[in-house]
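The sequence and the model are shown below.

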Amino acid sequence: MKVIILAAGKGGRLGDLVKDHPKTLLEFGNETILDRQIRLLKKKGIPVRDIVVAAGYKAEKIREINEIAVIDNYEYASTDNSYSLWLAMQAVRNETLLVLDGDLVFDEEALDTILNAPLDTVVGINANNNFGNTGIVYTSDNIIQEIGKHVSSQVIYAGIMKLSCECAGFLEAQLYDCKKMWYTVALNKILERKSIRMVFSPNRICGINTYSEYLEAKHVFGVENFTIWVTGASGFLGKKIYHVLQRSYHTIGTKATSADKEFQVVDLLDKDAVEAFVKLQKPCVIVNSAGIAEPEKCLENKNTAYKVNVEAVGNLVEVCAAHRIKLIHISTDYVFDGKSGTEYGRNDTRMPCNYYGETKKRAEDQVLEYADSLIVRIPIIYGYNSKLDKEVFPIKVINSLKKREKLYLDNKQVRYPVLIDDVALSIAKALFQTGIVHITSNVSVTKYTWAKIIAKELSADESLIIEDQNSNLGDRPKHVKLKTEQQDYIVTDVKRGTEILRKQLSCVFQLIYKSNPTERIYHFNVGEYRYWLGKKLGESLPVEIKEKADYIVPVPTSGLYYAMGVSETSKIPYLQALVKPDVMTRSFQIADISLRERVIREKIIPIKELLEDKSVVLIDEAIFTGMTLRVVCDAVKACGAKKIYIALPTPECRNLCRQYVQPKRHLLSQDISSCDLAQYFRVDGVFFQKYEDFVDSVKCINGLCMDCFLDDNRNMT
């Protein structure tokens with residue numbers, strides 16, 4: 001038996017990790033992924049001389065491995081793994097074959113599953129394994145009826161198959177014609193001629209396409225177990241911390257109540273529950289953002305405040321000490337009284353002047369007793385997660401200014417506000433620090449001067465902001481400036497931060513993607529605007545597309561109204577051939593790339609009977625990473641579509657979001673020019689809305705942020 005390992009792709013979603021070598025050479029413990037595969041194959045009696053690797057990107061790196069036979073796919077950038085498999089098969093004809101994807105990590109038992117199975121068998125795994133999107137439909141005796149990216153199933157293909165000489169011959173005859181597709185398209189075509197079985201593997205098999213999948217695989221196999229638990233993850237700051245950390249680490253979020261369905265419930269006051277959760281999840285770091293942060297609430301109910309802000313922290317300290325877990329605790333500048341007239345250093349005397357500050361001081365005392373801990377002190381925070389956020393001070397000011405209400409504000413207490421985005425990013429950098437760190441800005445404001453900054457940023461009437469001459473600080477510290485030294489963090493000042501907040505609240509994606517079509521924002525009905533923008537796109541489609549395309553097909557649900565508009569002006573029939581079950585999660589809002597991909601795969605189901613042998617124009621709202629469309633195109637191709645075109649009602653996205661609305665992730669335009677997009681998606685054409693038409697469509701909206709679509713880095717607003 002010969003083994004073919006498919007390893008030609010670049011693995012671009014792994015970013016800089018694959019800058020110098022293909023993803024099959026990613027480190028996995030003390031070996032690479034490819035080393036691991038070869039080691040396990042050799043352990044099962046398969047010599048290296050019987051292994052063939054189909055390589056493409058950085059193939060020379062694979063050639064450095066002794067005894068490995070390498071077949072070059074020089075067209076790896078414009079073909080899919082069907083072509084790589086076809087090329088490798090030319091070198092191993094008349095042999096039984098074991099075919100493996102080069103980005104797979106599996107255990108010895110998983111390999112036993114396929115080696116002990118009869119010939120003409122593929123490995124299936126549970127869809128809950130969070131890997132793969134190629135579904136399998138099979139009979140009661142495990143004969144495959146259908147396999148492919150267009151199939152929705154609870155059992156998915158694991159990227160491992162074993163073929164007889166006869167079956168390999170049938171498959172090879174189909175592969176070349178499918179060279180721009182996943183090889184399961186060809187495999188699906190031979191099912192009527194050759195019976196292929198599915199063998200289910202309960203063992204560990206992980207595919208690695210993204211950084212978070214890489215981390216997850218390390219976690220699953222115990223190569224690098226670095227899990228972070230964020231408490232209070234449904235809160236204003238906690239939610240931001242959770243999503244920022246989730247981009248780079250295996251992260252779990254919990255909350256105190258069942259109000260937010262996104263997170264599990266763990267009562268931090270129940271030490272046994274905390275202990276049980278730690279034993280189950282085995283976190284290496286706990287970031288505690290839970291607590292009552294409002295001084296008024298703490299004063300009104302001191303008993304509850306003490307339990308939540310002090311006793312819960314004590315439970316975390318004890319559990320962390322027992323299990324050797326790093327504890328990061330969020331504290332406040334309110335542990336100082338603000339009377340010294342100077343900056344407050346990390347170890348300066350803490351003398352809170354209100355009960356909230358007192359509870360945070362007592363919590364700090366407990367954390368300081370534990371050596372492997374970090375206290376993060378922050379001043380007043382502001383920012384934006386979603387419409388469900390609590391109303392922080394800047395939002396109150398913005399809402400009042402819009403209503404032209406007068407605001408009488410204190411001009412005595414001095415604060416140094418920080419964006420929650422900056423706090424979360426700083427914590428990500430400080431994960432391995434211990435002791436105390438300060439995160440602060442360097443520009444001071446009072447509520448009065450801050451409101452003036454907000455009014456100026458909004459071009460609102462500053463005369464509505466009035467100094468409250470009778471304000472009384474009461475139990476609030478007058479002026480606390482956290483001193484910053486080495487390893488502390490100075491972040492965005494309130495002037496730039498207010499601009500960022502304004503742009504977060506006025507993001508063009510509220511109009512083109514995030515909002516419900518029935519909503520009215522920026523003086524537009526959302527559905528009507530998208531329909532109109534689709535009509536503009538339809539007018540500019542090339543004549544050849546209008547003549548060749550059978551249907552306009554929206555990517556649900558964001559593409560629906562655009563597609564209706566395109567259909568009307570292009571006269572190409574509208575067809576809803578992609579179906580999305582009702583789900584709560586929007587993939588755009590997910591920072592974690594692999595989680596986004598899993599959501600996309602779960603929610604978009606193609607209807608093969610409507611797509612087979614048809615030429616279609618797929619309509620989606622925009623291209624940023626290309627994730628959604630790459631997955632959708634694969635599924636549509638697997639349905640047997642004759643031609644596929646992509647049309648977008650927005651221009652090409654050229655710039656990373658500087659407002660934190662989108663996670664910091666690699667843009668497709670950074671690697672692929674617009675003229676090469678058709679090759680990247682393996683489709684027949686990609687078309688964008690004319691830049692001038694898009695700008696014209698939103699010219700009446702004051703202050704709208706659309707920096708991501710700008711032709712250069714100029715700010716339109």
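## The open sheet

What is the order of the eight strands in the open sheet? The order is S16-S15-S14-S17-S18-S19-S23-S25, with parallel pairing; two strands pair if DSSP finds at least two bridges between them. Helices (H or I, at least four residues) and strands (E, at least two) are DSSP runs numbered from the N terminus. The edges are formed by strand S16 (264–265) and strand S25 (489–490), each of which pairs on one side only.

Within this sheet, strand S18 (residues 326–332) pairs with strand S19 (residues 373–378) in the parallel sense, over six bridges. Histidine 329 stands opposite isoleucine 375 in S19.

## Basis of the model

The model is predicted: local features need pLDDT of at least 70 and side-chain atom pairs count only at pLDDT 80 or more, while totals for chains, interfaces and linings use all residues. Residues are numbered from 1 along each chain as its sequence is written, and side-chain values use heavy atoms, with hydrogens and water left out.

## Helices H11 and H12

Helix H11 (residues 302–323) packs against helix H12 (residues 355–368) at an angle of about 15°, and their axes are 9 Å apart. H11 is therefore roughly parallel to H12. Axes are lines fitted to C-alpha atoms, for helices over the stretch in contact, and angles run from 0 to 180 degrees between N-to-C directions. Angles under 35 degrees count as roughly parallel, over 145 as roughly antiparallel, 65 to 115 as roughly perpendicular and the rest as oblique.

The crossing of H11 and H12 is right-handed. A crossing has this hand if the near helix is turned clockwise from the far one by less than a right angle, and is left-handed if anticlockwise. The contact (heavy atoms within 4.5 Å) includes Tyr306, Val310 and Val313 of H11 together with Tyr356, Thr359 and Ala363 of H12. By class, this contact has nine nonpolar, four polar and three charged residues. Ala, Val, Leu, Ile, Met, Phe, Trp, Tyr, Cys and Pro count as nonpolar, Asp, Glu, Lys and Arg as charged, and the others, Gly among them, as polar. H11 also lies across strand S14 (227–231), strand S17 (285–288) and S18, running at about 160° to S18.

## Helices H3 and H5

The axes of helix H3 (residues 81–91) and helix H5 (residues 165–175) come within 9 Å and cross at roughly 130°. H3 and H5 are therefore oblique to each other, and their crossing is left-handed. Ser82, Leu85, Trp86, Met89 and Gln90 of H3 meet Ala168, Leu171, Glu172 and Leu175 of H5. The contact of H3 with H5 has six nonpolar, two polar and one charged residues.

Valine 123, in strand S8 (residues 121–126), is buried, with a relative accessible area of 0%. Buried means under 20% relative accessible area, exposed over 50%, and partly exposed in between (1.4 Å probe, protein chains only). Leaving aside neighbours within four places in sequence, valine 123 has contacts that include Ile114, Ile156, Val199 and Ser201.

Glutamine 281 lies in helix H9 (residues 271–281) and is buried, at 19% relative accessible area. Glutamate 568, in helix H20 (residues 560–570), counts as partly exposed at 39% relative accessibility. Beyond four places in sequence, glutamine 281 touches Thr227, Ile252 and Gln264, and glutamate 568 is in contact with Tyr531 and Lys535.
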